[in-house]
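I opened the coordinate file today and kept notes on what I looked up, in the order in which I looked.

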Amino acid sequence: MFANNGNCGKTPAGAENAWDPAIPYDLYNNTALTIYAQGNTWGGADQSAEEIEKRIYHKADNSALGEVVYLPAGGVAGITEIETPDFSISVSGAGRFSVNGVDATTPVVVYDLSGIRLFNGTAGQEITTSHRGAAIVVVGGTSVRILL
């Protein structure tokens, strides 16, 4: 969790160079790199974008700095339970598998872990790719990870 890292925030508008120790930054990105901080529960009770923005220092405050990607924020409301898929996948080996328990016309898309699309078709056929290793299979709107 990024919170209360010791740097202090700016006072309200019009006080560009004044720093208020009562406004601690949760994250101060003093690099040109993007920091991915989705799912973080930020200091303070309000997890709205407006309130979180007050608690970070990044590209929005200084264009020479990297961005902090902070949404969606964490907290109980930000956690989504992963659903058990309504289908099963049978791997036949050598990059082949089939999807069971859905209509044959259900769209199926397969990606490698770098996001390259390996297959785009339907569930009503045996799916063959030349890929070996982990892959992401999207059946309808549900994603699962498989090992080929």
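In which sense do β9 and β12 pair, and over how many bridges? I found that β9 and β12 pair in the antiparallel sense over 5 bridges, where two strands pair if DSSP finds at least two bridges between them. Strands here are DSSP runs (E, at least two residues), numbered from the N terminus.

Before going further I noted that this is a predicted model, in which local features need pLDDT of at least 70 and side-chain atom pairs count only at pLDDT 80 or more, while totals for chains, interfaces and linings use all residues. Residues are numbered from 1 along each chain as its sequence is written, and side-chain values use heavy atoms, with hydrogens and water left out.

I then checked pLDDT, the predictor's confidence in each residue from 0 to 100: the chain averages 80, and 78% of the residues score at least 70. Where pLDDT is low, the predicted coordinates should not be read in detail.

Returning to β12, I saw that Val 137 in this strand is the bridge partner of Val 110. β12 also pairs with β13 in the antiparallel sense, over 6 bridges, and there Ala 135 stands opposite Ile 146 of β13. The two strands, β12 and β13, form a hairpin with 2 residues between them, and Gly 140 in the turn has a positive phi of about 65°.

Finally I turned to Gly 133, which lies in the loop between β11 and β12. Gly 133 and Leu 147 are 14 residues apart in sequence and 5.2 Å apart in space, C-alpha to C-alpha. With contact taken as heavy atoms within 4.5 Å, Gly 133 touches Ile 146, Leu 147 and Leu 148, not counting residues up to four places away in sequence.

Methods:
Helices (H or I, at least four residues) and strands (E, at least two) are DSSP runs, numbered from the N terminus.
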